[in-house]
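Here are my notes for a first look through this one. Keep the model open beside you as you go down the points.

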Amino acid sequence: MPDSGKIHNVSELPIATDSLQLDFQTHPDRYRHWKLTSSGAIARLDMDVDENGAMFPGYELKLNSYDIGVDIELYDAIQRLRFEHPEVKTVVVSSNKPTMFCAGANIRMLAGASHGHKVNFCKFTNETRNAIEDAGEFSGQRYLCALSGTAAGGGYELALAMDYLILIDDGNAAVSLPEIPLLAVLPGTGGLTRIVDKRKVRRDLADVFCTVEEGVKGRRAVDWRLVDETVPGSQFVQRVAERAEEMSRMSDRPDTAGGVQLTRLSRTIEADSIEYDWLGLSIDRTNRNVTLHIRAPDSEAPDSLEHAIALGDRFWPLALARQLDDALLHLRFNEPDIGTIIITSAGAAGTVKGHDAFLQRHRDNWLIREIVLYWKRTLKRLDLTSRTSFALVEPGSCFAGLLAELLFAVDRSYMLEGQFEDDDTPAPTIMLSENNFGPLPMSNGLTRLETRFLGEPGSVAGARDHIGRELDAALAAELGLVTFTPDDIDWEDEIRMLLEERASFSPDALVGMEANLRFAGPETMETKIFGRLTAWQNWIFQRPNAVSDAGALRRYGTGLRPEYDKDRV
């Protein structure tokens with residue numbers, strides 16, 4: 001699913017600069033577009049976009065329209081609410097702009113951005129909205145959208161990700177998805193899918209809604225299930241407060257637990273490498289690949305839950321999840337020429353196993369639950385990354401439990417059979433745990449092993465019978481857990497030819513092939529959103545009807561009508 005855009009070197013976009021690289025690290029003290037406050041069980045996240053705070057020069061973020069910078073802050077706020085505010089049970093999202101909740105993605109930004117950036121931008125905003133839904137469903141932290149003004153396009157798509165929508169009934173405020181009549185593109189963050197799959201709007205009414213520029217307001221918005229309530233302006237603030245309290249009473253989040261502060265990542269970026277505490281990236285630009293080298297913790301798992309909480313964001317499973325998440329986003333937006341991700345690991349598998357077992361023992365604790373859910377979201381981001389992914393299991397590897405899941409996320413895995421000549425490092429093994437059989441599902445709702453063995457469910461049971469055992473290459477291959485097991489004589493040549501062959505293929509064809517093969521099994525709202533982003537939004541955003549000089553995106557706001565090629569393709 002496309003993430004080949006290069007935001008810092010966009011030839012079509014005069015508003016970009018060659019020197020800019022996106023940084024996904026921020027903090028509420030540095031927010032320009034959101035205001036995050038909390039009081040007891042209720043938090044407020046108010047959208048107040050700085051018109052002059054665009055990520056690139058050349059456009060203004062009027063009417064709470066947004067670009068990637070606005071969504072980076074939103075993603076950061078969602079993460080902090082989950083980890084730093086365990087007491088928060090309801091998040092009220094509203095706007096500080098009178099009469100306008102959010103006008104959606106900035107149109108001038110979309111008109112000028114490279115195709116790759118548009119698709120990456122849509123993918124990231126989708127993942128961020130999925131994180132809102134994940135918080136409501138699995139963390140007991142529910143989102144209430146207080147629509148004190150109009151929500152258009154991406155603004156309404158943001159609202160659709162939330163658990164409950166209250167629209168002010170002032171005769172003006174409306175919800176709309178006007179992309180088709182105004183811009184000749186589709187809503188880019190799941191709007192079409194969510195109105196029919198999530199809110200179950202009737203197909204014919206959805207057709208009307210998506211082709212009416214002005215949208216729907218008042219009682220009709222409730223009757224069509226586009227929102228949950230409309231409230232007169234005189235009662236709006238009071239009703240939002242009441243509903244937030246009602247939603248809070250349904251949560252199991254703790255009342256008095258102390259949160260874990262998410263500090264800025266320790267990270268060193270060089271021309272061809274990035275170093276985090278537990279993760280290193282080494283870029284081979286000649287062969288267009290990057291190796292993600294994961295390091296095991298250097299100490300045993302904490303001896304108590306209190307100890308783990310005291311470690312905060314230095315607790316290895318949380319620290320590594322944050323570093324891997326940041327690395328994947330960095331590669332997506334800042335390294336578009338890299339086509340293949342190679343995952344390796346090193347360190348004591350026993351310490352990984354100990355931390356994995358710790359997560360399982362304390363899975364009912366709010367913090368441990370959040371850490372596992374963060375791993376689930378990060379692994380999904382790897383699933384959705386439009387790069388080839390391989391894993392290499394070599395002597396000294398530590399693919400156990402949580403880290404073994406990476407072997408089932410990649411497109412192929414290679415495990416050395418035996419040892420390397422003149423190296424006394426023991427032959428590699430892998431180890432399964434309960435974390436490979438339920439807590440970390442893919443977007444299709446299945447575990448990666450269930451997806452892997454879709455046509456042979458007995459193989460899942462067979463693998464489960466080996467939980468906790470050290471599995472050598474022969475047994476791992478017999479169980480279907482790795483792809484190939486070359487010996488030391490063939491290892492170097494096999495890996496070299498693998499990488500050379502992959503680099504020789506069309507990146508476009510690989511993106512399509514990988515996205516189709518990774519998501520076997522049932523369709524879900526999530527797979528529909530990302531699948532349609534790949535197939536339809538990706539295509540429509542390149543069509544002349546949208547992006548040519550006479551297309552709708554370019555002519556929006558000029559007073560000129562777009563010129564359409566009327567042939568249906």
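1. Start with Ile132, which sits in helix α3, residues 115-139. (Helices here are DSSP runs of H or I with at least four residues, strands are runs of E with at least two, and both are numbered from the N terminus.) Ile132 has a relative accessible area of 0%, so it is buried. The cut-offs are these: buried is under 20% relative accessible area, exposed is over 50%, and partly exposed is in between, with a 1.4 Å probe and protein chains only.

2. Which residues does Ile132 touch once its neighbours within four places in sequence are left aside? They are Ile78, Tyr143, Leu158, Ala161 and Met162, where a contact means heavy atoms within 4.5 Å. For a sense of scale, pick Gln419 as well: it is 287 residues from Ile132 along the chain, and their C-alpha atoms are 46 Å apart.

3. A word on what you are looking at. This is a predicted model, in which local features need pLDDT of at least 70 and side-chain atom pairs count only at pLDDT 80 or more, while totals for chains, interfaces and linings use all residues. Residues are numbered from 1 along each chain as its sequence is written, and side-chain values use heavy atoms, with hydrogens and water left out.

4. Now zoom out. The protein has 22 helices and 19 strands. Its radius of gyration is 24 Å, close to the 25 Å that the globule rule gives for 569 residues, so the protein is as compact as a globular protein of that length. (That radius is taken over C-alpha atoms, and the rule is 2.2 Å times the number of residues to the power 0.38.) Along the principal axes, the C-alpha atoms fill a box of roughly 75 × 55 × 45 Å.

5. How much of the protein counts as buried? The share is 58% of the 569 residues. If you take the contacts between residues at least 6 apart in sequence, 75% of them join residues at least 24 apart.

6. Take Cys102: its nearest cysteine sulfur belongs to Cys145 and is 9.4 Å away. That distance is too far for a bond. Cys102 is buried at 0% relative accessibility, and Cys145 is buried with 0% as well.

7. Next, Ala409 in helix α14, residues 405-409. Is Ala409 buried or exposed? At 6% relative accessibility, it counts as buried. Not counting residues up to four places away in sequence, Ala409 touches Leu382, Asp383, Ser389 and Arg448. One of these, Ser389, is 20 residues away in sequence and 8.2 Å away in space, C-alpha to C-alpha.

8. Two backbone angles deserve a look. Most residues other than glycine have a negative phi. Arg225, though, has phi near 65 degrees, a positive value. Arg225 lies in the loop between α8 (218-223) and β12 (229-232) and is partly exposed at 42%. Asp422 also has a positive phi, near 65 degrees. Its place is the loop between β19 (412-415) and α15 (448-452), and at 79% relative accessibility Asp422 counts as exposed.

9. Two more stops before you close the viewer. Lys62 is in the loop between β2 (42-47) and β3 (65-66), and its 45% relative accessible area makes it partly exposed. Leaving aside neighbours within four places in sequence, Lys62 is in contact with Glu51 and Asn106. Ala103 lies 41 residues from Lys62 along the chain, with their C-alpha atoms 8.1 Å apart. Gly462, in helix α16 (residues 457-464), is partly exposed at 21%. Its C-alpha atom is 29 Å from that of Met513, 51 residues away along the chain.

Notes:
Disulfide = S-S within 2.5 Å.
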